[in-house]
Amino acid sequence: MSRILSFANKGCLVLLLFLLMLSVSCTKSEDDIRHVIGVAQANLSDPWREVMNAEILAAASEYAEVRVVFSNAGGSSVKQKADIERMIRLGVDLLIVSPVDSRSISPVIQDVYANLPVIVLDKAIEGYDYSLFIGVDNDLVGQLAGRHIKRLSLGRPIQVIEVTGDLNALPVVERMEGLRNALKDAPEIEIIGSFSAGWQRDLAEDLTEEHRSLFEQSDVVFAHNDAMAYGVHRALERYGVKNKPIIGIDGISGPQGGLELVFEGILEATITCPTGGEEAVLRAMDILEHQSGLPKKIILRSSLVTQETLASQSSPIPALRKDSPITLGFAHPGRESAWRLANIKSIGDAAKDEGIRLIEVNANNSQEAQIAAIRSFIDAGVDVIGFSPIVATGWDEVLREARDAGIPVICSDRTVEVSDENLVTTYLVSDFWEEGRRAAQWLKDETAQEDQIKIVEIAGLPGSTPAIDRAAGFAEVVDQSPHLTLIDSTPGDFIENLGYEAMVRLLIRHSQIDAVFAHNDDMALGAIRAIEEAGLNPGKDILLVSIDGVREAFLAMRRGKLNCTVECSPLLGPPLMKAVKDFVAGEELPLRINPEEGVFPMEVARELIGTRPY
Ligand code: GYE
């Protein structure tokens with residue numbers, strides 16, 4: 001009977017959705033329609049996806065000139081491909097796709113993206129052939145579950161069962177990795193079973209019955225969505241098993257939604273996984289209206305919700321009542337590079353443009369000075385604190401002081417490693433790991449005919465997230481390239497002269513160097529000086545690839561001395577001020593926003609140098 005009722009609940013939601021679609025389409029006259037948005041949905045058997053569609057429709061209903069057409073692939077990649085092709089024939093102006101399977105749909109999306117804008121929702125596809133990706137940080141989602149399980153264990157040995165979604169889905173792999181990463185320092189916690197129930201409640205219920213003794217033996221169950229968590233609960237309830245903590249994911253409201261299940265004590269906790277439906281429509285309108293400065297990735301915030309935190313989850317963020325200009329305190333790490341100077345200028349200019357009162361401190365590459373600056377902002381009672389953390393660690397204490405003072409903190413440019421992800425309101429950062437990968441990929445392609453390329457690396461400031469992630473991304477591709485060998489690495493702290501000194505040391509240490517990977521352009525320019533002093537031709541005898549894309553790098557490429565630079569945009573001022581104003585207005589901010597960035601080999605330097613914005 002309860003299955004029929006739940007079906008009825010689902011039916012109500014679908015009926016509501018249909019009526020909303022009908023009403024929306026009826027109230028819009030054909031003459032007003034200027035944009036048609038196609039939504040290729042993976043399936044509608046998952047309540048979370050019904051909410052995604054409903055959010056898309058509700059957001060689109062705000063625009064008289066927009067019509068939305070939906071398709072439902074029913075979990076089939078083949079059908080989703082056909083759905084997309086039909087929408088293209090229909091003549092949609094923009095495609096929103098939530099992939100069934102990222103790998104199989106990637107080529108289709110690449111083809112579509114060649115002709116019209118594409119927003120990818122939820123499951124990331126390979127490469128960057130799309131306008132914008134919106135999703136959550138699934139590794140963090142898994143970590144949040146792991147951290148809560150550790151809290152539940154109280155240091156005692158406990159046994160965990162994991163119920164996953166489709167194993168070939170990237171979010172599932174990331175959630176599994178996140179859980180295990182969080183449990184690494186808790187050997188007393190053992191995962192005694194991991195089963196896939198394909199996101200389906202009934203399948204989760206069936207496998208709980210199939211493995212009844214193991215589930216009864218476990219102390220905690222973690223399911224990759226609330227529907228499967230509820231399925232486990234229903235099976236255990238039939239055996240009279242009560243009070244076994246079950247953690248789910250999604251945290252949607254409504255009948256049998258995760259928030260309701262937590263409220264009723266059926267779930268121990270749920271981890272919110274915003275669908276991104278509303279964000280997708282808002283950004284689609286920016287794209288269709290040719291707004292500039294659009295991000296490449298928006299990572300939405302996830303948080304763990306228990307009965308204790310439920311109240312705050314549903315209450316909206318209080319808008320700061322502002323009858324005076326907003327005050328932003330910003331602590332810059334230093335003035336170490338051309339990139340930093342461009343970043344400082346971008347922030348200053350954007351604050352002026354937006355009428356935001358900016359209090360700036362330059363920490364001259366000292367973390368202590370940066371921490372002192374943040375404390376001074378707290379004492380001054382600024383509305384928002386921004387900073388580009390010199391290094392990744394050592395911020396918990398001062399960020400807790402900012403939170404205790406009720407002042408939100410935005411990380412611009414670099415990220416921090418903190419014990420509580422809520423200490424930072426949002427991150428405006430580049431994907432440094434991808435930048436490192438792109439640098440290595442360029443070198444790999446450029447030297448594909450060579451037998452052996454010996455590479456030296458001039459790294460950024462040790463402990464800073466760009467240095468850590470660029471090195472990791474570069475090494476990931478090198479490790480997969482038989483003809484590339486990284487023979488040495490030495491820091492240059494992102495500073496030109498230290499890049500020069502590093503290169504001098506490397507030339508003394510190694511008789512054969514074929515290529516240099518510098519974590520930023522300034523250090524590459526320093527290395528070029530050292531190579532020339534050694535009587536060699538930079539760009540020819542020794543290839544150089546670096547990151548940032550500053551104007552001086554384009555000048556060096558035009559002179560044939562630098563071979564490639566990977567873009568890392570310093571123009572974070574406008575998105576930073578947007579985030580500040582959105583927060584003050586009471587908007588929920590995404591967890592992370594990554595800008596659009598390119599790769600520039602020397603061949604394009606001459607034509608592009610006049611267009612460079614920094
Ligand atoms: O690459 C470098 C600057 O944090 C991304 O820091 C930034 C890096 C950039 O000094 O030039």
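How many cavities of 30 Å³ or more does a search of the whole structure find? I started my notebook with that, keeping in mind that this is a predicted model. The search gave me 3 cavities.

**Entry: the largest cavity**

I looked up the volume of the largest cavity and noted about 100 Å³. Its lining is made of 13 residues, and those nearest the centre are Trp 339, Arg 340, Arg 414, Arg 470 and Phe 494. I then sorted the lining by class and wrote down 6 charged, 5 nonpolar and 2 polar residues.

**Entry: α17 and its partner α16**

Helix α16 covers residues 432-446 and helix α17 covers residues 465-479; their axes are 6 Å apart, at an angle of about 40°. That angle makes α16 oblique to α17. I noted the crossing of these two helices as right-handed.

Which residues of α16 and α17 make the contact? On the α16 side I listed Phe 432, Trp 433, Glu 435, Gly 436, Arg 437, Ala 439, Ala 440, Gln 441, Leu 443 and Lys 444. On the α17 side I listed Thr 465, Pro 466, Asp 469, Arg 470, Ala 472, Gly 473, Phe 474, Glu 476, Val 477 and Val 478. By class, this contact has 10 nonpolar, 6 charged and 4 polar residues.

Next I turned to the second largest pocket, with a volume of about 1,800 Å³. It is lined by 47 residues, and the closest to its centre are Asp 137, Asp 139, Glu 174, Asp 431 and Arg 592. Which helix gives the most to this lining? I found α16 again, with 6 residues. For the lining of this pocket I wrote down 19 charged, 18 nonpolar and 10 polar residues.

**Entry: α7 with α9**

I moved on to another helix pair, α7 (residues 201-210) and α9 (residues 226-238). Their axes lie 7 Å apart and the packing angle is about 40°. These two helices are therefore oblique to each other, and α7 passes α9 in a right-handed crossing. From α7, the contact takes in Arg 201, Ala 204, Glu 205, Thr 208 and Glu 209. From α9 I noted a list of residues including Ala 227, Met 228, Tyr 230, Val 232 and Arg 234. The classes here come to 7 nonpolar, 5 charged and 2 polar.

**Entry: α2 with α11**

My last stop was helix α2 (residues 47-60) against helix α11 (residues 277-288). Is their crossing right-handed or left-handed? I noted it as right-handed, with the axes coming within 7 Å and crossing at roughly 35°. Met 52, Glu 55, Ile 56, Ala 59 and Ala 60 of α2 meet Gly 277, Glu 278 and Val 281 of α11. I sorted the residues of this contact into 5 nonpolar, 2 charged and 1 polar.

Note on methods:
Residues numbered from 1 in each chain as written. Predicted model: local features only at pLDDT ≥ 70, side-chain atom pairs only at ≥ 80, totals over all residues. Heavy atoms only, no water. Axes fitted to C-alpha atoms, helices over the stretch in contact; angles between N-to-C directions. Helix = DSSP H or I, 4+ residues; strand = E, 2+ residues; numbered from the N terminus. Parallel < 35°, antiparallel > 145°, perpendicular 65-115°, else oblique. Left-handed = near helix turned anticlockwise from the far one by under 90°. Contact = heavy atoms within 4.5 Å. Nonpolar A, V, L, I, M, F, W, Y, C, P; charged D, E, K, R; others polar. 1 Å grid on protein atoms, 1.4 Å probe; cavity = no way out; pocket = protein on both sides within 12 Å on 5 of 7 lines; lining within 4 Å. Points joined across faces, edges and corners; volume = space filled by probe spheres on them.
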